[in-house]
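This briefing covers the fold, the overall dimensions and one surface feature of the structure shown below. Please keep the sequence and the 3D view open while reading.

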Amino acid sequence: MTAHGSSTASADLRGTVDRHWSATEARDWRTVASTLADDVVYDLPQTRERIRGKEAFLRFYREYPGDWHVRVERLVADGDQVVSWIRATVGPEEMHAITFFGGDAQGRITTITDFWPEPYEPPAGREHLTERY
């Protein structure tokens, strides 16, 4: 891929990730869905959970417990990879996360890997959406 093509892919995916987080905060699930490839894979290394597919991912976000919010602190893009640093709040609790996004030629998100501050056991009630690894 030429440097120009890489820059274009980077800009496209960066915009997709920016829309993804904005739509997530707005609970605009239709727009969130438009940012994702059908076969998106979402990994949470600290809990060893993986979610496969757009519908399962959307359901995970919709069903996540509590009054949670995200604010993007920084987005960095390079080719078909984007990294975000987010500040997440769930009620009074505030956490930071680093999220790596991979993308396809259409600028859709194909992979998401969230790194949270510390390993933890997943909350009960989402076993039907995830597989442990």
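How many helices and strands are there in the protein? In this predicted model, the protein has three helices and seven strands. Their order along the sequence is α-α-β-β-α-β-β-β-β-β. The radius of gyration is 15 Å, close to the 14 Å given by the globule rule for 133 residues, so the protein is as compact as a globular protein of that length.

**Dimensions and contacts**

- The C-alpha trace of the protein spans about 45 × 30 × 25 Å along its principal axes.
- Of the contacts between residues at least 6 apart in sequence, 52% join residues at least 24 apart.

**Burial and surface**

- Buried residues account for 40% of the 133 residues in the protein.
- The protein exposes about 7300 Å², and 52% of this area is supplied by carbon and sulfur atoms.

**Nonpolar patch**

- A nonpolar patch on the surface is formed by Trp85, Ile98, Phe100 and Phe115.
- Together, these four residues have about 320 Å² of accessible area.
- One of the patch residues, Ile98, lies in strand β5, which covers residues 93–103.
- Ile98 counts as partly exposed because its relative accessibility is 33%, and the partly exposed class lies between the buried limit of under 20% and the exposed limit of over 50%.

Key. Residues numbered from 1 in each chain as written. Predicted model: local features only at pLDDT ≥ 70, side-chain atom pairs only at ≥ 80, totals over all residues. Heavy atoms only, no water. Patch = residues over 30% accessible without salt bridge, like charges linked within 9 Å, V, L, I, M, F, W, Y side chains within 5 Å. Areas by Shrake-Rupley, 256 points an atom, 1.4 Å probe, with all protein chains shown as cover. Salt bridge = Lys/Arg side-chain N within 4 Å of Asp/Glu carboxyl O. Helix = DSSP H or I, 4+ residues; strand = E, 2+ residues; numbered from the N terminus. Buried < 20%, exposed > 50% of the residue type's maximum accessible area, 1.4 Å probe, protein only. Rg over C-alpha atoms; globule rule 2.2 N^0.38 Å. Contact = heavy atoms within 4.5 Å.
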